[in-house]
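Please look through the sequence and the model below before reading on. The report that follows takes up the overall form of the chain, and then turns to a few places within it.

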Amino acid sequence: MSVLRSVLFNVLAFLLTLLMGFGAFPIRWFAHRLALPYAKLWSRLVLALFRSICGVKVEITGLEHLPANGPALIASQHQSAFDTLVWMLLLPRPCYVMKGELRRIPLLGPMLVLTGMMPIERAAGAKAMRMLLQETDKALKADRQIIIFPEGTRTAPGEHVALKPGIAAMANHAKLPVIPVATNSGLFWGRNAFFKRSGVLHIAIGPAVGPAKRAALLADIETGWREQEKTFQPIA
């Protein structure tokens, strides 16, 4: 059954993305202000397919730690493509820090730019950090809520990697606290995994930490993640 569910979800999600990718041309040409609402709709539809077809229940705790509006910095664990979609549903004006090469994906790339995401060329070294802080200033002036994945790549559930320093630079530059978020999304929609798994997917939002010096802030984020992970139900 899980094989059939996975096949159906992957096919329908691909067709939906293709259809909405072509449907976005009028927005790209004439109505840039509709780019973010359109991206939110696409995310909502893809995740609705994921939940209904793959038998996944999404349980979110700690929503009281998110701002109703205004700027924010959110440091989320990154295990799955799910993590790059769900914040479109949870925040009024989300803005993801993303790999610069995503801009070059046909159909999707131009829309990412129009929605105001933050593409960073990570290979650019010190220039990438300057660009990150410039983009942070622009996003916060626009009252965007910035989502960054400090691990720098998708990781397996339970895997621990050294956090990238960008989040600390952003927090201290903007003088904003950081909201740590833990998840177990990789158990249900793994990295590059064709097959999906049913169950309870957790998103646990912790209280804000910092700003603080880099080492202390990164440690506080890690601690926040570990504390939130304790709330997850065990997987049978």
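## A proline in a loop

In which loop is Pro211 found? Pro211 belongs to the loop between strand S7, residues 199-205, and helix H8, residues 214-229. The peptide bond that joins Gly210 and Pro211 is cis, with an omega of about 0 degrees. As with every value in this report, that angle was computed from a predicted model.

## The chain as a whole

Eight helices and seven strands are found in the chain. The radius of gyration is 17 Å, close to the 18 Å that the globule rule gives for 236 residues, and the chain is therefore as compact as a globular protein of that length. Taken along the principal axes, the box filled by the C-alpha atoms is roughly 50 × 50 × 35 Å.

Of the 236 residues in the chain, 45% are buried. When the contacts with a separation of 6 or more are considered, 74% of them are accounted for by residues 24 or more positions apart. The sequence and the fold can be compared with this in mind.

## Surface and charge

The accessible surface of the chain comes to about 11,600 Å², and carbon and sulfur atoms hold 63% of that surface. Among the side chains of the chain, 27 are positive and 14 are negative, while the centres of these two sets lie 8 Å apart.

Strand S2 covers residues 72-76, and because five of its five residues are buried, S2 is largely enclosed by the rest of the structure. In a regular strand the side chains alternate between the two faces of the sheet. In S2, Ala72, Ile74 and Ser76 point one way, whereas Leu73 and Ala75 point the other way, and all of these residues are buried.

Which strands pair with S2? One of them is strand S5, residues 145-148, which pairs with S2 in the parallel sense over four bridges. Strand S6, residues 178-183, also pairs with S2 in the parallel sense, again over four bridges.

## Two residues with positive phi

Asp143 is not a glycine, and yet its phi is positive, at about 60 degrees. Asp143 has its place in the loop between helix H6, residues 126-141, and strand S5. Is Asp143 buried, partly exposed or exposed? With a relative accessible area of 38%, Asp143 is partly exposed, as the range for that term runs between under 20% for buried and over 50% for exposed.

Asn192 likewise has a positive phi, of about 55 degrees, although Asn192 is not a glycine. The loop between S6 and S7 is the place of Asn192. The relative accessible area of Asn192 is 65%, and Asn192 is therefore exposed.

Ser43 lies in helix H3, which covers residues 35-54. The relative accessible area of Ser43 is 2%, so this serine counts as buried. If residues up to four places away in sequence are not counted, Ser43 touches Leu85, Met88 and Leu89.

Key
Residues numbered from 1 in each chain as written. Predicted model: local features only at pLDDT ≥ 70, side-chain atom pairs only at ≥ 80, totals over all residues. Heavy atoms only, no water. Rg over C-alpha atoms; globule rule 2.2 N^0.38 Å. Buried < 20%, exposed > 50% of the residue type's maximum accessible area, 1.4 Å probe, protein only. Contact = heavy atoms within 4.5 Å. Areas by Shrake-Rupley, 256 points an atom, 1.4 Å probe, with all protein chains shown as cover. Lys, Arg positive; Asp, Glu negative; His and termini not counted. Charge placed at Lys NZ, Arg CZ, Asp CG, Glu CD. Pairing = 2+ DSSP bridges.
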